[in-house]
Every structure is written in structure tokens, then in C-alpha cells.
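Subject: Structure handover

Hello,

Here is the structure you asked about.

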Amino acid sequence: MELPPPLRQGVDSLLEKVPLPALKQAAKALSDRYRAELRDGRLHMGEEIAVKAYLATRLPATYAAVRTSLDALAEARADFQPKRLLDIGAGPGTMLWATTDAYPELEQAVLVEASAAVRKIGQSLAAGGVGARTRWIAGDATIDLDGLEPADLVSAAYVLDEIVPASLPKLVDRLWRLTADTLLIVEPGTPAGWQRILAARSQLVEAGAHVLAPCPHEAPCPLVPPDWCHFARRVARSRLHRLVKEADVPWEDEKFIYLAACRQPAPARPARVLAPPKGGSGKVLLKLCQPDGSAGEQLFSKRDGDVFRTARRADWGEALG
């Protein structure tokens, strides 16, 4: 999955004259902060060079994760056509670009972002490239959500991992109160990210939300640590990305986990593939999360007919059918 051409062109233009050593240093510092899940009161992207390092090394991967999550949401609810987006912790507009790609009829987007440097670059990238009316608001996700209007689609991508754990229940409650229809949360596909999604899921179900994806049910998650639910999307690395990261491999796998929940009862959903399929001669083994709330491996063979053909085409993260 690639960035939309207008976004790719905008990013390339912003990075064109940035010295490579400066990008490398900023990218390493940014990566160290993300990996350590630092919550020291400092913004990860408080300075312009940090934002540009993010554009060079992280934007393609986070865009792919967000766009894939939106695809799953659209598949679970084909009738959902949001007109208004409220994105909390918007970064440089990753969710904005992904949502306008998934839902071209989007009319309005309000983006809340604490970093002035990020807002400036996000506005620059979106100017002329995004059809929806956009409004950028300076705000901290934990304290500055009062006064916002509810939206059809409310989102928070790669945000919960930056919040002090004690503040997460209050944030999830605020996000849900602002959700007129559907809420989408995306997190890194780590065991810790999965635990944050699980906590948000339990809180939302308790509040009356209906789970759309990835779960095909609203029962407690059947997975037990050290196993955890996550998905992956392969992303091509640009030449600049490889230079900044000093990487030889021309691609990377972005691991992520997400949750889509809505106010309307969810339609019946098929099983979800929870791991890379294991194929063989005339057979395929899939790890599935089932609509009845169970999870486990299931073997399909040619004797299963059409079901086998469907299973053979299924990939990690996809719904079976």
C-alpha cells in the first residue's frame, strides 16, 4: 500500500533539501522514544526536524495500518458513509488522508494535535490535496476535548501508547461521548498495544458500544498471553527511507492492532484470520477468531470444496468470507 500521490509529492517536496545526517539523527531519537513508550511530558514531534523524520520513516507504515483498518471497518459496515471526521492526536494528518481515500464523500474533518510543528506541516500537506474542509485545533488529547462537536467517525491512531495509563479510561470515555456513529482506535501491534485495545474494548462494550472489527463477536477475547492479537501490512521503503534507517531490505512489515466500534448493532461477521496462513498440498491451516467467541486453528482441505477455496485465498487479518 502506497501513500496517495498528492501526499507522496508533498512529503518528497518537504524532505528534498533536508540534510541526510540531520534526518538520521532525528529518526533515531524518534524511534528510541516510540520504542521506549516514553511519557516524560515532552512531545515526540515537538520540533520540525522530528516531524520530517517521521514523514521519512514512519508515515508510510502508519498510513498503511490506518488505511487497512478503515478497509476492515468498511467491510464490516458497507452502509457507513461518514461525512464528518474528528481525529484526536492527528499527527501530520495520516488519518485524514486515509479517510478521504476510503470515503471520498467526507465533507468535514476536525483534527486535534498538540504539536505546533506537526500542525504546520499537516496543514501544508493537506492544502489543495484534500477535498474535505479541514480545521486544525491545538489540543492535548487528555485535557482539551471539551467543546468539540460529535462526529460520524471519531479516530485516535497511535495515540493511546503516548498517554499515561491512568488517563486512558477517561480518554476512551471522552472519545465515545464524541462518537455520533463509529469510533476507530489504532495502536502498535505489540503485546502492550493489544492490552490497551483490550481495555478500551471492554470499556466501550460496557458503555453499550457494538464491536465491528476486527473481532467477529463481543465476548471476551479468547487469546491468552503470551499470544496476542495483531496484524501486519508490508510497506515498500523509499530510497530516502532506506538511507535514513541504513536498511538493506526494501520493505518493512508494520504490525498494528485496531478496534472499530459503533452505536448501532453490528451485523453478523465471519471469522477473522489471526496469523499468516500455513499452506500445504491441497490444504491450508488458518488460525481463526470465530463469531462464537472462540479462537483456534482450523484445517481446510480440498474435500471442503468452496470453503477450501475461500480459505486458501484468505490472508492474515482478513475476514473469512
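How do the residues of the lining of the second largest pocket divide into nonpolar, polar and charged? The model is a predicted one, and in it this lining has seven nonpolar, two polar and eight charged residues. In total 17 residues line the second largest pocket, and its volume is about 370 Å³. Nearest its centre are Thr68, Ala232, Arg233, Trp316 and Glu318. Helix 4 (59-76), strand 7 (231-236) and strand 8 (251-262) are the elements that each give two or more residues to this lining.

The largest cavity holds about 160 Å³ of space. Lining this cavity are 19 residues, and those closest to its centre are Trp194, Pro214, Cys215, Cys221 and Cys229. By type, the lining of the largest cavity has 16 nonpolar residues, one polar and two charged. Helix 8 (191-206) and strand 8 each supply at least two residues of the lining. The most comes from helix 8, which gives four.

Why is strand 11 (residues 283-289) largely enclosed by the rest of the structure? Five of its seven residues are buried, so the strand is largely enclosed. For reference, buried here means under 20% relative accessible area.

- Valine 273 stands opposite leucine 288 of strand 11.
- Glycine 279 faces valine 284 of strand 11 as its opposite residue. The two strands form a hairpin with two residues between them, in which glycine 282 has a positive phi near 75°.
- Leucine 285 has leucine 299 in strand 12 as its bridge partner. This is also a hairpin, with five residues between the strands, and glycine 293 in the turn takes a positive phi of about 95°.

When you look at the strands on screen, one general point applies: in a regular strand the side chains alternate between the two faces of the sheet.

Regards

Terms used:
Residues are numbered from 1 along each chain as its sequence is written. This is a predicted model: local features need pLDDT of at least 70, side-chain atom pairs count only at pLDDT 80 or more; totals for chains, interfaces and linings use all residues. Side-chain values use heavy atoms; hydrogens and water are left out. On a 1 Å grid over the protein atoms alone, a cavity is a set of points where a 1.4 Å probe fits but cannot get out, and a pocket is an open set with protein on both sides within 12 Å along at least five of seven lines; lining residues have an atom within 4 Å of a point. Grid points are joined across faces, edges and corners, and a volume is the space filled by probe spheres set on the points. Ala, Val, Leu, Ile, Met, Phe, Trp, Tyr, Cys and Pro count as nonpolar, Asp, Glu, Lys and Arg as charged, and the others, Gly among them, as polar. Buried means under 20% relative accessible area, exposed over 50%, partly exposed in between (1.4 Å probe, protein chains only). Two strands pair if DSSP finds at least two bridges between them.
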